Amino acid sequence: MGRIPRSYLINRLITLFLTILIAATLIWVIPRLSPVDPADIMLGRMAAGAGSVANADQVLAQLRESFGLDQPMIVQYFKYLGNTLLFDFGLSTASFPTPVSSLIARALPWTLGLMILSVVITFVIGNALGAFMVWERSPKLVKVAIPAAMVFTSIPPILSGLLLMWIFAAQLRWFPLTGAYGLMVEPGWTWDFALSVLHHGFLPALSIVIVTFGFWALGMRGLMITVQGEDYVKLAEAKGLRPRYILYRYMIRNAILPQVTAFALKIGLLIAGQVLVERIFAYNGMGKLLYDAILDQDFPVIQGVSYVIILMTALSVFLVDLIYPFIDPRIRHEG
Amino acid sequence: MTEYSTDDDVAPAEHGLTREDRRRARRMRRFDNPWLNPKLYWGGGLLLGIVLVGILGRLLWDLDLVFTGSGMLKLPPVGFENLRGQEGTFANPLGTDGAGRDMLALIVIGAPNSLFVGLLASLIGMSIGIFLGFTAGYVGGRTDDIIRVLSDVMITIPPLLILVVFQSAFGDVSLTMMALLIAGFVWQSPTRLIRAQVLSMKSSGYVQMAKLSGASTFDIMFREMLPNLIPYLFGSFIANVTTSIVTAVGLEVLGLGPQRVPTLGRTIYEAINAGALIQNLWWWWGIPTLLLAAMFIGLLLINLGLDEVSNPRLRKA
Amino acid sequence: MPDDPLLDIRNVRKVYGGPDGLVALNDFSLQIPRDEPQIVTIAGESGSGKSTLANLVLGFTKPTSGQIVFDGMDVGRLSSREMAQYHRKVQAVFQDPFGSYNPFYRVSHVFDMVIKNFKLADTKAQAREMMEEGLNAVGLKGSDVLRKYPHQLSGGQRQRIMMARAYMVKPKLIVADEPVSMVDASLRASILDVMMKLRDEGGISFLYVTHDLSTAYQIGDKIVLFYQGTLAEEGNVTDVITNPKHPYVQLLIDSVPQADPTRRWQGEIELPAEEELRTARATGCRFVPRCPHAAEVCKAALPPLHPVGAPGHRASCTLYGPERAAAE
Amino acid sequence: MTEPRNVVLKVRGLSVFYATPTGDVRATDDASFDLYEGETLGLVGESGSGKTTATSGILRMVSSPGRIVAGSVELDGVDLLALKEEDLRRQRWSKLALIPQGAMNSLNPTMKISAQIADVIRTHTGKTPPRDRILELFQMVGLPGRIHDMYPHELSGGMKQRVCIAMGIALNPRVIIADEATSALDVVVQRVVAQTMAKVRDALGVSMIMIGHDMGLMAQMVDRIAVMYSGKIVEIARVADMFARPAHPYSKILIDSVPSLTQRQALRITGGITHDPRNPPKGCIFQLRCPYAAPQCREPQPLREINPGQLAACCRAEEILAGTAQAREIADA
Amino acid sequence: MSSTRTLALASAIALAAGAGWAQDRADTVIFDLDRTIKDPENFNWFTPGTKRMHGAHQAMWEPLFILNYGTGDLDPWLATGYEQNDDSTEFTITLRDGVEWSDGEVFDADDVVFSVGMALENEEISSREASTIRAQVASVDKVDDLTVRFTLTAPNPRFIVENFGVRIFGSFLIMPQHIWEGEDPATFAFYPPVGTGPYTLSSVATNRAIWERNDDWWGAKTGWMDLPAPARVVFLETGGEESRAQLIAANELDAAQSVSVGTFEAIQAQNPAVTAWYPSYPFAVSDPCARQLEINTTVAPWDDPRMRRAVALIIDRTQIANVAAEGATVPSRTMFAQFGSMEPFIAAVEEAGLGLPARADVEAGQALLEEAGWTRSGDYYEKDGETLSVDIHVNSASTEYTRTIDVVVEQLQRAGIDAKAVPVENGVFWGEVLPFGQYEMTYSWLSCGSVNEPWASMGRYTVDDVVPVGERSPGFNNTSRWDSEAAEKYTAIVKEIGDKALNDPEVPAMVAEAYAYLDEEMPFIPLVQSFKLVPFNTTYWTGWPTDENYYNHPFFWWNSAHQIIHNLEKAE
């Protein structure tokens, strides 16, 4: 274990590259299959706001040029690929002429923060619940938790968000209704700001947590049951080790391994699920950005956000694959 | 430390049994048959219930009530009162939504629609999965490599995103179209699963026996291997139905997906957009959510049951 | 007789995983005569190549080099139709009596398959009769077992049904791959007995693949002993077991626990570390790292088979050939 | 032959049942035996005979749907079955260690070998053992020191089995139970491991219960032997007595079924049918397969002393010993 | 974690975050912002994408005039008045004396000339106001420090109200020359921004902008107007109807963007301090863009005016108001938005016996169909074996749109026309369907424009703007492609109106005359007024605009919101 053979690395890098290439191509090709001219859409939005547009043809020609739509498709495609690799997604059509990359750069930290917060909580709670559900010594209460957990999983995250907002923010007033930090708090590396961010992030994170932890719990339950039947767990009991130690070191440690891979794969889905939660909490992350972009038909932004999310997923899968041998000594990279 | 096994080397004695014994033996066999699993039945029952709502509702209820303005707006279910003090009537037993559409009619049409998308997407995904999985596992070599890399790559791409791009570009789609799109993202895991199973089965005793018995490749794949894959296929199918419904509802709640066809997700989207929560129109968002929950719990139970079928260890826990 | 053997294995070599891969079977030759049914034991530890040989003979894998000729057919080059014909003549019984059954079907499925694919019977009644006959040969009754599911039978029953199935095809050769190792001791005899009966009364030869020298000694005619893919010693089973020549075979026989408390193991043996075993795969005698008689000459090349007494009794060891003397 | 010896482990009336909807399966039924200081007792039986269940009962590690129905397991006078859970945990391994079957899967794949030995020492002594102590244990079982920092998957089967032995002796327990400890190994490796086990046992003077199905291995390793059939102990005797003159028909079949490497002889085949474990026959458990079954076998057959040191559960034991028993006196029920 | 501990932790955080804010809240007015501030550090309003409704043009940048929707007059703001020549090609604006930028520099005619000059000289700056200026203005000159003269390319009596009067949403905003001088107006970020208003930017992020009162504001110094009461103005992104409703109910918002009637009722049930334009049902105020059914007059059978009139008669506009708007709006009497300042024109049309009744007359409609040769057979009308059918395109972006069309479809179906709704994406709708005439009928509000005079709306259906189907309608005008004899006569009268001064007394009669052609041929069918239900919270602030306190409309996201802020008073 440990050392990563070069052939394996190359193999994985090729898959990574392919993933990114295919994804980037898909999100470029699909909008172009649509019969609609993106420049028309932009003009249409101007009209939708005001009812009319003066000098429409002149504006259109200008838009076409600034989006490179006057060039042949194949040139557009390769330019797109090249630019995308450099994180240049062009200009937003809805908030022209802001570059998409700067919109993403502004939104990304919030999404990452919220996601890491919720994902870590979900992962920990879900897996712990799943583990305790199987563990013989855990209280009965925990063992009936799974059906309850799964009921939550069926709720769309937007509803859980609204319900939580209704209960904890509107009625109980424990948490703020919207935003990523307090109205009068200035962003910066201060305690006030950090506390405010935590305080504001709690409900959005929770609404993601309660609809996703069931997934982890269920997965962990299955894995734990398998591990529970393993001979080494029985031997550990015969060894007279303390039950908690067995639970952590012999059971969870082994059962959690496949969950780590699932974790990486889930990251992309999580951001997708975060879209609406960010919207209702007016939390200005990638999800909100994407949601607005969908409403505005802002394809450069949709493409950019999708690309970044896919990149994150692909990279996290790639990284997990690379570090897997370090957490599971049985796995060796095969060339 | 093998577990105590009751099925190895012990043939049940069939001699000198009284009628009582035989009845007991029959009951015992039913217990031994893993398919007779309460979870499977409860789960199946829940789903069947939703299908029944669709079928009976079509027979017994006037579905024209699903049109805008067919009733008073925001009427509560029978026995409740809304904020304006209007009481529910039997003309709209589950109340109406903000456009005066009858909730019962919405559900009678919407719930089977949501299930339909899930089932169709999963069915198509499974078919692709079975085809590619068997090809990869049985043919192997370069073909296997290509299929594996492709499915690895596709597993990494979050389907919702691609669907969002697609939907934003194309606008309205039909239920079938949406199912087809989702199907494009649910074939990977059955492919992987079947490939792995086919690989392990390829060297199993009974496949070798079938070869020795002169069975054709077709027979081996579909008469020997496939029946034994049924619990896995079924499990994977059910899991995919869940994924597909989640994806479809996700799109619908974003306001994407079919615009004109009532689905549970679409109804929730409209409820949220109209501020149903603050208006206390709980039936508007609550009933579809409840049905979705029933659907997911049904699917979950079936899946848990299937897990127990294919993995006897789970039966105890 | 030697002109046209039933089974002729000629210098067969099987390498897994490319040219530098693991040599599972190294230039092996064996003949089973046509008109004198025999039980030929293929013995060795796990990883010795004996199961590879079974798979090669059954046509499940193809040799890397060399030929397996059965009844004039080159087993490595059969089309799928010819393979079916081949399997009418060569059948098998596997180690795991449970795994050999498709759990989805009733026991009768294993018979139905053969009858259908090999067109053994024209009518249902005829088929039924055939099954019954096959089952009678192994001491079972069709009404007791055919309608059951495999898990409802005991391990011994399952394995005997497998024998009945193989017998029903009326093959000339049955590859029995560890047929009794997963069957309880008190039931083993019944299966071994069926094998002997099929040889003596059915005229069927057996390739009896096993790690258990005792049963081989009890029922076998000829024995071939493998060590890490190479043939260590071969000969008449009585000669080899009572008078082993190869140091490995000697060690092996010495290590079999005797069911006699008065004759316990004498002395201790050392096992080399795994690395040494691995490096030993390259050239020369594979047993060098563990051999008490190892000499430099043993590392040079794989020792050829030297006759060691009784006719057909040969061992691959420099102790019995000229090269050792030459080196010393 | 009758030197007075201390009883280390006293098992009385141990019954472990498995619940099924149609009644209990009596996996181990009323098992009683003594284990003397320094001796090795063999517990043989075929699959389903309940020998492994008996081990679980002794270790009090029966998992659902099984349960210990009755009996006592006294280790140095302390009844393990009556202890509180925490006290039982302290007794485990320090007094009663286990060398498991299938060492392949008995080691935690994500822990280093040394850590898995160290944790049991630390738990029971409260002190982390020095590296030297672990290496010493390795040496005792003939393992190289370099495996200290290795993971289980890096070892061969024989080495893993020896790791388990090293683990078993780490706390100098009073009793070691070796459950089919060598049955998955190749013949030569089996011999090495078995001899290692014997050597360590003799060096430490520990008592041992060897569970197995291989009569040959039993003959090599044990002092006394107990034969189980379908949950019942049907005979206990010194190993020499057992092989020379078995008193129970099943013991006789087991011994006869071992093929010899010294002389070719006709195969001896036993007939009869095994019974449904949920529905055992009344009386002798073996009557359906017994070649000497007689009408009186319908009565319960307790374990009784036939000769000094030899107990058997058969009403016709004397006849069998004398060679006068007539075969099959009752028709198949 | 135990629940009590969670609770304790939560309240600890809440306390820490909320400390000190309570007393500030009373001095702060919080407005709703319905979108993300995509690029918070860019205050260049010349570029498209609205970069001003987060307070920039409500609290910082002041307009020259503000159109009063109640009176139809232009209330002077940074300007004191204007004069125009007889043919409306030259306008002279007088600026207020003493106006200062928030950085202390003087605001004068140079700034106006410079700002307009930027719009004229830079083709690439593309905000709607800038491109309108570019289309209309030939030259701009400084007469003196407080006087500016515009020379137009063509007569336009509405020049001031269109460009500097906040007619709809914004006006052409004057930028400080001393900062913009030498910058590229297409890329300059203008951060931190400077304006003449009583507030300066304190902090801005993607979800909110905070403005602090400038107690040194020129308006107070010159005595023109008192300092506004709120010490701080916040524009806060709320995210969706549900959360804005909860925020305003929880007193965390003082003015919210439009909500539905049901939501408003729910808010009021929780918080009686929340009010709207009308104190009771229907609460809402009209929006300047009345809704209509646009008909493509080139497609058979709808090229027959009788058919269009038939549809107009069949549609029950009261039901639309009740179902789609929950009764928050009323059926349109004419094509115009029903503001006080439009009343003379609407009345003139009605007096001429034109306009539409609130209720349907299905039988009259069906008679017209039969007159056109259709006969009813079973469910639908038929002619020459063809069923009478129509596809109605509808933008799927809002449920208001789809719901209205649902109702229309039902009404037409019942009357025997096989109507079908075709929902299309927002972008497709505006990008393809409307401008290129790719529809039979569609739901739109393209007669939008008039709020104090009739021409802006009427001028959009002249024959000058007719293009064939498949070509882009200029400025989304006359997308119906109404091009008949009647249309030409209509066009002639409308052009005449366009050349008259804003309050010329002849205009109402001319409107009625022109409207007769429109009414006869129905290139579009006015449906209902659109509505905005804007909730205001009186817990901390009073003085919100209402029907009774009609100093102007309540659209606080418009450039006119300066008036609202100045009218606010602390609640007792």
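## Basis of the model

pLDDT is the predictor's confidence in each residue, on a scale from 0 to 100. This is a predicted model, where local features need pLDDT of at least 70, side-chain atom pairs count only at pLDDT 80 or more, and totals for chains, interfaces and linings use all residues. Residues are numbered from 1 along each chain as its sequence is written, chains are lettered from A and ligands numbered from 1 in written order, and side-chain values use heavy atoms, with hydrogens and water left out.

## Confidence in chain B

The mean pLDDT of chain B is 80. In this chain, 85% of the residues score at least 70. Helices here are DSSP runs of H or I with at least four residues, strands are E runs of at least two, and both are numbered from the N terminus.

Among the elements of chain B, helix 3 (residues 103–139) has the highest mean pLDDT, 90. Helix 12 (residues 313–316) of chain B has the lowest, 52. Over residues 1–17 of chain B, pLDDT stays under 50. For that stretch the model has 52 contacts beyond four places in sequence; a contact means heavy atoms within 4.5 Å.

## Fold and surface of chain B

Chain B has 12 helices and 0 strands. Of its contacts with a separation of 6 or more, 72% join residues 24 or more positions apart.

Chain B has 317 residues, and 58% of them are buried. Buried means under 20% relative accessible area, exposed over 50%, and partly exposed in between (1.4 Å probe, protein chains only). The chain exposes about 12500 Å², by the Shrake-Rupley method with a 1.4 Å probe; for residues, only the protein chains shown count as cover.

## The disulfide in chain E

Over all chains, the structure holds 1 disulfide, defined as a pair of cysteine sulfur atoms within 2.5 Å. E:Cys289 and E:Cys448 form it, with sulfur atoms 1.8 Å apart. The pair links distant parts of the chain, 159 residues apart. E:Cys289 sits in the loop between strand 12 (285–286) and strand 13 (292–295) of chain E. E:Cys448 lies in the loop between strand 19 (441–444) and helix 17 (455–458) of chain E.

The torsion about the S-S bond of E:Cys289 and E:Cys448 is about -45°, so the disulfide is left-handed. Both E:Cys289 and E:Cys448 are buried.

## Cysteines too far apart to bond

The cysteine sulfur closest to that of C:Cys317 is in C:Cys291, 5.9 Å away and too far for a bond. C:Cys317 is buried, at 7% relative accessible area.

For D:Cys314, the closest cysteine sulfur is in D:Cys315, at 5.1 Å, again too far for a bond. D:Cys314 is buried, with a relative accessible area of 7%.
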